[in-house]
Amino acid sequence: MDYTRYDWTKEEILNIYNKPLMELLYEAATVHRKHHDPNTVQVSTLLSIKTGGCSEDCGYCPQAARYHTDIEKNDLMSVSHVKAQALRAKESGSSRVCMGAAWRNVKDGPEFDQVLEMVRTINKLDMEVCCTLGMITENQAKRLAEAGLYAYNHNLDTSEDYYKDVISTRAFEDRLETIDNVRKSNVTVCSGGIIGMGEKLEDRAGMLVALSSLNPQPESVPINALVAVEGTPMEDIEPVAIWDMVRMVASTRIVMPETQVRLSAGRTQMSREGQALCFFAGANSIFAGDKLLTTPNPDVNEDMEMFALLGLNNQKPFEKHAQPETVEALDSVLQALGEKPKWTRPGHTIERNEAAKVKSKIVK
Ligand code: SAM
Ligand code: DTB
Ligand code: SF4
């Protein structure tokens, strides 16, 4: 019997989020224990396979070409480099590699074929493979599934309302369409968002309404705290309080009981005590490795020390879902369709984004 609810309202979620903290923690921890082993945490390693130079204007992102940020740009990584990094991640206790590309959407062609080969290579190392490559079509999702992809990450990032204040080059509906395309394949869905971007509590609740109403709900939900990077429109935003992170994690756990809630970007700002509260509130996944995509993350040895201190165990690969089979490129029954989907480009003006763009011209 599936007791998961898909009809949570914003008001109900706000009531949960704003409960006295001890009650919220108790309720979230109770849900957590019913659905998961509270001492097991899944560990993912991020790998930026194509860095920077992105055409989008996401107000939080250091990889947008239009902002003046100090990141090292890189073209698509080789399959052998990816394999070496995946092996290192496996040795350090990760069960999953999440490959990120600074693309608006995937285009059929040699670069996508190279990504498919990376997926085959990592799946053959018996690790879960996740990709986050921007918008994808149903055929592209199916080709990734055929290569052995375990999860696809595509964040809603915030509420539909606040989305318009963060990004003008793509639309919230297109994010939902990509998630739907992933659902039509056998790949699990990873979708979450960022807090601390100047949004209201209503927007945090609104994002959780959008995620929890997906049926099935996403198998994993990353909760990121904004990493304010110099040069981006959000460079001056103060780090979000740990209490907000704890409340957001707890609310996510309550409305999506089966999902793996990932304590994602922003952990360098959090104490061990703060992170322990997040694990108690239902977080059961982290990104490990000294780098996220372009910004720092805690040292993996320190994370493992924290796990030992808290008595946490690393989740083994494929504990929640079976390992997909990999079909070799030569045996593939699917081919590139060369589609040119018309993803929306709203193009409205976001003052903060425009100001950061202009500033970059002055600095140059
Ligand atoms: N380009 C693809 C896309 O946008 O879907 C994939 C890569 S993108 C960097 C993946 C996610 O990283 C974003 O959706 C956002 O949630 C997160 N992210 C990017 N910059 C961030 C920041 N400064 N702080 C926190 N999260 C961030
Ligand atoms: C997610 O939700 N967070 C990760 C992953 N999915 C791709 C990315 C965080 C990026 C933080 C900023 C950076 O390092 O560039
Ligand atoms: Fe590009 Fe993704 Fe960054 Fe937006 S979040 S600028 S799409 S890399």
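These legends describe close-up views of a predicted model.

**View 1**
The predicted fold holds 12 helices and 10 strands. Its radius of gyration is 19 Å, close to the 21 Å that the globule rule gives for 364 residues, so the protein is as compact as a globular protein of that length. The C-alpha trace spans about 55 × 50 × 40 Å along the principal axes.

**View 1. The surroundings of ligand 2.**
Ligand 2 is surrounded by 17 residues. The closest are Pro222, Leu292, Leu293, Thr294 and Thr295. Strand 2 (96-101) and strand 7 (220-225) are the elements that give two or more residues to this shell. The shell around ligand 2 has 8 nonpolar and 9 polar residues. Charged residues are absent from the shell around ligand 2.

Three cysteines, Cys54, Cys58 and Cys61, are among the residues around ligand 3. Glu56, Gln63 and Ala64 are also in this shell. Ala102, Arg104 and Gly134 complete the set around ligand 3. By class, the shell has 5 nonpolar, 2 polar and 2 charged residues.

**View 2. Helix 3 against helix 4.**
Helix 3 covers residues 79-91, and helix 4 covers residues 110-123. They pack at an angle of about 30°, with their axes 9 Å apart. Helix 3 is therefore roughly parallel to helix 4, as angles under 35 degrees count as roughly parallel. The crossing of the pair is right-handed. From helix 3, the contact takes in Val79, Val82, Lys83 and Ala86. Helix 4 meets them with Gln114, Glu117, Met118, Thr121 and Ile122. This contact divides into 5 nonpolar, 2 polar and 2 charged residues.

**View 3. Helix 8 against helix 9.**
Here helix 8 (residues 201-212) packs on helix 9 (residues 242-255). The angle is about 25°, and the axes are 10 Å apart. The two helices are therefore roughly parallel to each other. Their crossing is right-handed. Helix 8 brings Arg204, Leu208 and Ser212 to the contact. Helix 9 brings Met248, Ser251, Thr252 and Val255. By class, the contact of helix 8 with helix 9 has 3 nonpolar, 3 polar and 1 charged residues.

**View 4. Helix 1 across helix 8.**
Helix 8 also meets helix 1 (residues 10-17). The axes of helix 1 and helix 8 come within 9 Å and cross at roughly 120°. Helix 1 passes helix 8 in a right-handed crossing. On the helix 1 side, Lys10, Ile13, Leu14 and Tyr17 take part. On the helix 8 side are Leu201, Glu202, Arg204, Ala205, Gly206, Leu208 and Val209. The residues of this contact divide into 7 nonpolar, 1 polar and 3 charged. Arg204 and Leu208 of helix 8 meet residues of helix 1, and Arg204 and Leu208 also belong to the contact with helix 9.

A cis peptide bond joins Asn215 and Pro216. Omega at this bond is about 0°. Most peptide bonds are trans. Pro216 has its place in the loop between helix 8 and strand 7. Strand 7 also gives residues to the shell around ligand 2.

Asp126 has a positive phi of about 60°. Asp126 is not a glycine. Most residues other than glycine have a negative phi. The loop that carries Asp126 lies between helix 4 and strand 3 (128-132). Helix 4 is also the partner of helix 3 in a right-handed crossing.

Notes: Residues are numbered from 1 along each chain as its sequence is written. Chains are lettered from A and ligands numbered from 1 in the order in which they are written. This is a predicted model: local features need pLDDT of at least 70, side-chain atom pairs count only at pLDDT 80 or more; totals for chains, interfaces and linings use all residues. Axes are lines fitted to C-alpha atoms, for helices over the stretch in contact, and angles run from 0 to 180 degrees between N-to-C directions. Helices (H or I, at least four residues) and strands (E, at least two) are DSSP runs, numbered from the N terminus. Angles under 35 degrees count as roughly parallel, over 145 as roughly antiparallel, 65 to 115 as roughly perpendicular and the rest as oblique. A crossing is left-handed if the near helix is turned anticlockwise from the far one by less than a right angle, and right-handed if clockwise. Two residues are in contact if their C-beta atoms, placed from the backbone, lie within 7 Å. Ala, Val, Leu, Ile, Met, Phe, Trp, Tyr, Cys and Pro count as nonpolar, Asp, Glu, Lys and Arg as charged, and the others, Gly among them, as polar. A residue is near a molecule or strand if its C-beta atom, placed from the backbone, lies within 6 Å of it. The radius of gyration is taken over C-alpha atoms; the globule rule is 2.2 Å times the number of residues to the power 0.38.
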